[in-house]
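User: Please take a close look at how the chain is divided and at the parts on either side of that division. A connected account will do.

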Amino acid sequence: MSKQILAIEDEEDILELITYNLTREGYRVHGVANGEEGLAYAETHRPDLILLDLMLPGISGLEVCRRLKYGEQTRAIPLLMVTARGEDADIVAGLELGADDYVTKPFSPRVLLARIQAVLRRGAQPDSPEEPLLRRGDLTINPARHQVLLAGRETPLTSTEFRILHFLAARPGWVFTRDQIVNAIHEENFAVTARSVDVQIVGLRKKLGGADCIETVRGVGYRFRE
Ligand code: CA
């Protein structure tokens with residue numbers, strides 16, 4: 001079965017370009033011109049990937065991203081933002097909300113395809129037996145499933161939050177700088193800045209509730225409590 005891609009894009013010629021090139025590569029493409037239709041379609045059809053233009057009429061692309069990443073039905077769907085030059089602040093905000101990657105207009109079809117394939121590969125990692133469960137106090141981290149249990153209850157994390165937590169928890173007691181964390185969790189085309197590590201950690205701590213497991217080491221960075 002070919003993969004289905006939902007493209008939320010209000011510019012007709014860009015939507016056409018996307019549809020033409022992806023269809024030619026064997027993807028099924030459903031295009032919509034605004035966020036409302038995109039959200040409705042994503043919830044009911046659960047496509048394999050969503051291409052989201054950030055500059056949309058009606059609900060903004062960033063708000064669509066937020067709703068997709070907070071929605072039970074849609075949060076696991078890989079999301080690639082389509083942005084214009086000069087939208088850096090929105091790109092960072094989108095990545096922090098859980099978007100997987102972005103392409104900047106004008107993009108070449110080959111770049112778009114490469115990004116889509118990379119995001120789909122990341123989302124479809126098979127259970128790997130060499131990555132064992134990590135247990136740290138109340139926390140159980142399952143790297144193969146990208147799943148975190150806190151006292152037995154599943155705690156939904158964004159993929160970036162998950163990678164940071166997994167990286168730190170695998171090396172309890174070791175202190176890492178923000179740059180080291182960025183390098184460790186870096187994957188192709190994935191932009192996390194040193195500054196946004198702080199935002200990710202704040203989000204992680206909030207989601208992990210009372211589990212005070214990530215410690216700030218002043219002037220240095222972060223470590224997972226031993
Ligand atoms: Ca647009």
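Analyst: Domain bounds here come from an automatic or database domain assignment. The model itself is predicted. On that assignment, the protein chain is divided into domain 1 (4-124) and domain 2 (134-224). The centres of domain 1 and domain 2, taken over C-alpha atoms, are separated by 26 Å. Across the division, 14 residues of domain 1 are in contact with 13 residues of domain 2.

The metal site comes next. A calcium ion is coordinated by D10 (OD), E11 (OE), D53 (OD) and M55 (O), at 2.1 to 2.8 Å. Along the chain, the donors follow the spacing D-E-x41-D-x1-M. Within this set, E11 and M55 link distant parts of the chain, being 44 residues apart. E11 sits in the loop between strand 1 (4-8) and helix 1 (12-24), whereas M55 sits in the loop between strand 3 (49-53) and helix 3 (61-70). With a relative accessible area of 33%, E11 is partly exposed. M55, at 55%, is exposed, because exposed means over 50% relative accessible area.

R46, in the loop between helix 2 (35-45) and strand 3, has a positive phi of about 40° although it is not a glycine. K105 and P106 are joined by a cis peptide bond, with omega about -5°. P106 lies in the loop between strand 5 (101-104) and helix 5 (109-123). For comparison, most residues other than glycine have a negative phi, and most peptide bonds are trans.

T140 counts as buried at 16% relative accessibility, and N142 is buried with a relative accessible area of 15%. Leaving aside neighbours within four places in sequence, T140 is in contact with L133, L134, R135, Q147, V148 and L149. On that basis the contacts of N142 are L133, Q147 and F162. A151 lies in the loop between strand 8 (147-150) and strand 9 (153-154). This residue has a positive phi of about 50° although it is not a glycine, and A151 is exposed, with a relative accessible area of 54%.

The axes of helix 7 (residues 178-185) and helix 8 (residues 194-207) come within 8 Å and cross at roughly 85°. Helix 7 and helix 8 are therefore roughly perpendicular to each other, because angles of 65 to 115 degrees count as such. From helix 7, R178, D179, I181 and V182 meet A194, V197 and D198 in helix 8. The residues of this contact divide into four nonpolar, no polar and three charged.

V182, placed in helix 7, can be followed individually. V182 is buried, with a relative accessible area of 13%. Leaving aside neighbours within four places in sequence, V182 is in contact with V192, T193, A194 and V197. V182 and R195 are 13 residues apart in sequence and 9.6 Å apart in space, C-alpha to C-alpha.

Notes: Residues numbered from 1 in each chain as written. Predicted model: local features only at pLDDT ≥ 70, side-chain atom pairs only at ≥ 80, totals over all residues. Heavy atoms only, no water. Axes fitted to C-alpha atoms, helices over the stretch in contact; angles between N-to-C directions. Helix = DSSP H or I, 4+ residues; strand = E, 2+ residues; numbered from the N terminus. Parallel < 35°, antiparallel > 145°, perpendicular 65-115°, else oblique. Contact = heavy atoms within 4.5 Å. Nonpolar A, V, L, I, M, F, W, Y, C, P; charged D, E, K, R; others polar. Donors = N, O, S within 2.8 Å, 3.2 Å for Na, K, Ca; no water. Buried < 20%, exposed > 50% of the residue type's maximum accessible area, 1.4 Å probe, protein only.
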